[in-house]
Amino acid sequence: MLQCIFLLSDSGEVMLEKQLTGHRVDRSICAWFWEHAVSQGDSDSSKLPPVIASPTHYLFQIVREGITFLACTQVEMPPLMGIEFLCRVADVLSDYLGGLNEDLIKDNFVIVYELLDEMIDNGFPLTTEPNILREMIAPPNIVSKVLSVVTGSTSNVSNTLPGATASSVPWRTTDPKHPNNEVYVDLVEEMDAILNRDGILVKCEIYGEVQVKSHLSGLPDLTLSFSNPSILNDVRFHPCVRFRPWESHQILSFVPPDGQFKLMSYRVKKLKSSPIYVKPQLISDAGTCRISILVGMRNDPGKAIDSVTLQFQLPRCVLSAELTSNHGTVNVLANKTCLWSIGRIPKDKAPSMSGTLFLETGLERLRAFPTFGVGFRIMGVALSGLQIDKLDVKNLPNPPYKGFRALTRAGEYEVRS
């Protein structure tokens, strides 16, 4: 049972406070949390553990677009329930407000508060399906804001209960109708990898999501199957998925929500190769350090690798740097962060960056070597090897249009020097 939810800005300011039970939680817990985050060296709290024990409460926290969602409890409860609820709150607010930032939350304070009122009751999750919430609370738009000014009404909550609340599929609006029946399935994957200074993979795994955008009339029944489902680990499903078909035949059988939603998430572990190699070389000599970095494609994924970036933090002992590249642009930011924007890797030559790092007076050698963070994006390829076999749609008079796409991007992809 959650006792309170706070929304914090990227500076630690409490933007919104929602007390959920009769036992009030003081705001001083937010000050303790932020001081704890600063003491750990992560003032944005993005790399803190999702569950933290304070002297008085257990804290659940997630970070989305610089906004920290913080929930408190003093009683025993499953940690995953608290984290999952905060993730659902963040997803709903992002969907309602068209994004997440400090200004959007402050401009739509009433709607955010009304959503929290409907999503949780006395500390327990209640209504978390976006389709039902949209029928209960009107999303913000120019018309609703003008009406609130003219009529003086600040409430956006409907007086009637949505029909889907009594349905066997509460995640779907009642009898939706579309002029064109369409369903799109996207495989979106993030690769997390750590490579040592010799280019050998220390860790490599993929976190993926099956995202569906459904515009189907009536009450359709969908079946999605994969060519190689045995590679999947740690699968998590949307409530619409029937568990028995997956347990027996690894088939996703479901009645979809109307609109866009995350059907399932998964992990693929123990990958043996990565699409990009990074070869850094640092040679210290008499108060300077020569740096040379070579970037290229290790294995041809079948599609072009675009939007490649390489970023690293210059050690504190480095006073200045002179860096050039044969492809893309190199910038050294004010906080000593070096950003190399490579763009698309050409096939005829490997991009390289070289230059000199000037060390502090009296320091002969570079003692702390930087870690290189790599970013990339590959359209049309799922690097995990997951493939969609077929998608069947029933209970529709005419076959709908079906589209499939794949995207892989870098998550925490690090190369150690």
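Helices (H or I, at least four residues) and strands (E, at least two) are taken as DSSP runs and numbered from the N terminus. The model is a predicted one, in which local features need pLDDT of at least 70 and side-chain atom pairs count only at pLDDT 80 or more, while totals for chains, interfaces and linings use all residues. Residues are numbered from 1 along each chain as its sequence is written, and side-chain values use heavy atoms, with hydrogens and water left out.

By this assignment the chain has seven helices and 24 strands. Its C-alpha atoms fill a box of roughly 75 × 55 × 45 Å along the principal axes. Of the 417 residues in the chain, 45% are buried, where buried means under 20% relative accessible area, exposed over 50%, and partly exposed in between (1.4 Å probe, protein chains only). Contact means heavy atoms within 4.5 Å. Among the contacts in the chain with a separation of 6 or more, 68% join residues 24 or more positions apart.

A nonpolar core is defined as a set of buried Ala, Val, Leu, Ile, Met, Phe, Trp, Tyr and Cys residues joined through side-chain atoms within 4.5 Å. The largest such core has 66 residues, and those with the most contacts inside it are Val210, Leu263, Ile293, Phe376 and Tyr413. Strand 8 (residues 182-195) gives the most to this core, with six residues. Another core, of 34 residues, lies apart from it and includes Leu7, Leu20, Leu115 and Met119. When residues up to four places away in sequence are not counted, valine 210 touches Val185, Asp186, Leu187, Leu224, Phe226, Phe261, Lys262, Leu263, Met264 and Tyr266.

The packing of helix 2 (residues 79-97) with helix 4 (residues 109-119) was examined next. Their axes come within 11 Å and cross at roughly 140°; the axes are lines fitted to C-alpha atoms, for helices over the stretch in contact, and angles run from 0 to 180 degrees between N-to-C directions. Helix 2 is therefore oblique to helix 4, given that angles under 35 degrees count as roughly parallel, over 145 as roughly antiparallel, 65 to 115 as roughly perpendicular and the rest as oblique. The crossing of the two helices is right-handed; a crossing is left-handed if the near helix is turned anticlockwise from the far one by less than a right angle, and right-handed if clockwise. Helix 2 contributes Phe85, Arg88, Val89, Val92, Leu93, Tyr96 and Leu97 to the contact, and helix 4 contributes Ile111, Val112, Leu115, Leu116 and Met119. These residues divide into eleven nonpolar, no polar and one charged (Ala, Val, Leu, Ile, Met, Phe, Trp, Tyr, Cys and Pro count as nonpolar, Asp, Glu, Lys and Arg as charged, and the others, Gly among them, as polar).

Two serines in strands were considered. Serine 253 is found in strand 13 (residues 251-254) and is buried, with a relative accessible area of 11%. Leaving aside neighbours within four places in sequence, serine 253 is in contact with Asp221, Leu222, Thr223, Cys240, Val241, Arg242 and Pro245. Arginine 242 lies eleven residues from serine 253 along the chain, and their C-alpha atoms are separated by 5.6 Å. Serine 284 belongs to strand 15 (residues 276-285) and is likewise buried, at a relative accessible area of 15%. Not counting residues up to four places away in sequence, serine 284 touches Cys289, Glu364, Arg365 and Leu366.

Backbone angles were also inspected. Most residues other than glycine have a negative phi. Aspartate 234, in strand 11 (residues 233-237), has a positive phi near 50° and counts as partly exposed at 46% relative accessibility. Asparagine 395 has a positive phi near 65°; this residue is found in the loop between strand 23 (388-394) and strand 24 (401-416) and counts as exposed, at 57% relative accessibility.

Two further loop positions are partly exposed. Asparagine 101, in the loop between helix 2 and helix 3 (102-107), has a relative accessibility of 32%. Its C-alpha is 37 Å from that of serine 273, a residue 172 positions away in sequence. Proline 139 is placed in the loop between helix 5 (130-136) and helix 6 (142-151), and its relative accessibility is 22%. Proline 139 and asparagine 180 are 41 residues apart in sequence and 24 Å apart in space, C-alpha to C-alpha.
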